[in-house]
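Hi everyone, thanks for making time this morning.

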Amino acid sequence: MSKALVEMVKGRMREFRREPSAFFFVLFMPLVWMLILGGAFSGGSHPRAAVGWIPSEGEFGARVQQALSSNPDFMLQRGDAAQQRKNLGKGAVDLFIEPTADSRLLYHYDAQHPDAQHVRRWVDETIQTAFGRSNPVISEARPESVPGSRYIDFLLPGLLAFSLLTTSLFGTGMTLVLHRRENLLRRFLTTPLRTHDYILSHLIGRLLIMVLELAVILSAGFLFFGFRIQGSWVAFLGLCMIGTASFTAIAIAAGARMTQTSAYNSLVNLLTLPMMLLSGIWFSRSHFPAWSQDLLQLLPLTALVDGLRHIALEGEGWRDVQGQMGLLALYGILAFLWARKRFRW
Amino acid sequence: MALLGPNGAGKTTLIEMLVGLTPPDSGAIEYGGCSFFTHKAEILETIGVQLQESTLYKKYTVRETLQLFASFYRGPTQEAALLTRLNLQEKADTRLEKLSGGQKQRLYLGCALVHNPQLLFLDEPTAALDPQSRRHLWELIQSLKKEGRGVLLATHYLDEAEFLADRILILDQGHVIATGTPRELISQHSRESQLDVQVRHLDREAWTRMQREFARLRLQGDLEAGWVSAAGEPADLEVLLQQLLAHHKGTVQAVTMRQSRLEDVFLQLTGRKIRDE
């Protein structure tokens, strides 16, 4: 490493330390997301279904009500038909039950809603058994605890990947544009400082900060939620490094000729916001139609998130995330070549 | 050498071409016989540049900034001595964002000096500085000259060019319109001296006679207000002055004879004033 590169990397770290907003953005934000969302979705240990019940007179109605309310799996919401329709609309109940005068039950629910079908069967089975149906085959539950199956386990690698993306784009990339606007870079051109030392210093500085991000997010995940990486730590770290390097190259390429921070800001928002939704950070991308999945997998953020989840939640290693690593590396190389040609001091 | 010219003359463009920031449309740039473009890396080791519009990392301290620039160069560097010379020792650990304009300019000069270059390019180093800071910077630049370093200074301040420069290149609208030492320029392009005399009472007849006799001295005067003004060769002006003194002894109150200045040279060459204020 040349003298200049060492000095410049020291400079990058210095800039980060002395910029309080960078600190907040990079370290504090992901924590906040994690704690809020992780807390919101951690829920009780006992999954329950909310069921609406239209009370009626008579023995039949009373028996049904008894069967449901005595079962801890259900939360009963009483109310008349109009109220129940409102409940269904609001999502306060998945289904509501209307007993008829001739002792039948009508189940009202939205067939499009995936949970509703399942709640209907559950409710029906409970009521049937309570009224005396017997099952010919004896079955018992054997709960298995699968690590890494909570929402927080799903979310954390996503948050990490997203954090790495935004830090590279809004941190490193924005800094470059700002420096260019202030004619800072031009001054360097009159010195023997080589372009690749300058760009490399940004990359190395970014990787060092990445280590900090990882440490903070993973420790918080472990401390507050017991999050663990099931698979190879080394592969996890390696994938993070390739992802960060790739995103940083994209950031440099995106701002290669820009001097207006507002223009850069717009471009980067245009890139990150859709990706944030499409890559499956907050919710699984399987919700998107089947035909789009191949395209979604080609997004750089998707590659990183999928890879990190494979390693963290499914216990996989280097070999299994080769595709994702390769894709990220490809994006990085293409971005680097582009930046090299078009970079303006 | 000073590059003198009004704003927009091309001084900055010229310097930027010489140090490799802007490619020239045509022609060649050579340093000691070596083409700039083929020997760029080596040449950059030997030159120091202070640009007009540039800022540095505002969160770095003075010391850190000098260290950064020092790291770019192969040769030995002398940051500590430099701090003393720039009179920035007390501010060595202050961040750039807290420095005054004059202190910043001294630091920028320091960044150009940190590797002990033989040749310096300074683009308007005293622009927007208070008079005291300007003076300090002038002294610094003079000491650099004394050390045998070459300095190319771009400025639109005439007093700066007159004070510091051994040779001046006058630029206007992208062309070199004159070159030489300050004395040479004045004597070549503006041989005139200026004479201003205050007389309490000037005889009307004498005045009319003088105007005829010294027509080529562009005599001007106001009999009531009591002053006479003339421009021309010092020898001729002396003759006029002697006449005035001889015929109006006792009533001549003040005499000013001044030499033409660079201002007058520029005005002669371009028909415009160099200052835009």
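Let's start with chain A, where the domain assignment gives domain 1 (3-41 + 148-342) and domain 2 (49-130). Those bounds come from an automatic or database domain assignment. The C-alpha centres of these two domains of chain A lie 48 Å apart.

A word on ground rules: this is a predicted model, in which local features need pLDDT of at least 70 and side-chain atom pairs count only at pLDDT 80 or more, while totals for chains, interfaces and linings use all residues. Residues are numbered from 1 along each chain as its sequence is written, chains are lettered from A and ligands numbered from 1 in the order in which they are written, and side-chain values use heavy atoms, with hydrogens and water left out.

Staying in chain A, look at two helices. Two packed helices are described by the angle between their axes and the distance between the axes. Here, helix H6 (residues 151-181) and helix H10 (residues 261-278) of chain A pack at about 170°, and their axes are 10 Å apart. That angle makes H6(A) roughly antiparallel to H10(A); the word covers angles over 145 degrees, with under 35 counting as roughly parallel, 65 to 115 as roughly perpendicular and the rest as oblique. For the record, axes are lines fitted to C-alpha atoms, for helices over the stretch in contact, and angles run from 0 to 180 degrees between N-to-C directions. Helices (H or I, at least four residues) and strands (E, at least two) are DSSP runs, numbered from the N terminus.

Which residues meet there? On the H6(A) side they include Phe162(A), Leu165(A) and Leu169(A), and on the H10(A) side they include Tyr264(A), Val268(A) and Met275(A). Contact means heavy atoms within 4.5 Å. By class, this helix contact has eleven nonpolar, five polar and one charged residues. In that count, Ala, Val, Leu, Ile, Met, Phe, Trp, Tyr, Cys and Pro are nonpolar, Asp, Glu, Lys and Arg are charged, and the others, Gly among them, are polar.

Now over to chain B, which is divided into domain 1 (2-186) and domain 2 (192-259). Their centres, taken over C-alpha atoms, are separated by 46 Å.

One sheet of chain B is an open one of six strands with mixed pairing, in the order E4-E5-E6-E1-E7-E8. Two strands pair if DSSP finds at least two bridges between them. At the edges sit strand E4 (47-50) and strand E8 (175-180) of chain B, each pairing on one side only. From one strand to the next, the twist averages 15°. Helix H5 (residues 101-113) of chain B packs on this sheet, touching E4 and strand E5 (119-123), and its direction makes about 160° with that of E4(B). Helix H8 (residues 182-189) of chain B packs on the sheet too, touching E7 and E8, at about 110° to E8(B).

Zoom in on strand E7 (residues 168-172) of chain B, which pairs with E8(B) in the antiparallel sense over five bridges. Leu171(B) has Val176(B) in E8(B) as its bridge partner. The hairpin of these strands has two residues between them, and Gln173(B) takes a positive phi near 50° there. Asn87(B), in the loop between helix H4 (79-85) and H5 of chain B, has a positive phi near 60°.

The other sheet I want to show in chain B has four antiparallel strands, in the order E10-E11-E9-E12, and is open. Strand E10 (220-222) and strand E12 (252-259) of chain B are its edges. Helix H10 (residues 234-247) of chain B lies across strand E9 (193-199), E11 and E12, running at about 10° to E9(B).

Finally, how many residues of chain B are in contact with chain A? There are 30, touching 23 residues of chain A. The two chains bury about 2,500 Å² between them, 56% of it on carbon and sulfur atoms. Buried area is the accessible area (1.4 Å probe) that two parts lose on being put together, summed over both. In chain B, Tyr57(B), Lys59(B) and Phe72(B) lose the most area to chain A, together 25% of what that side buries.
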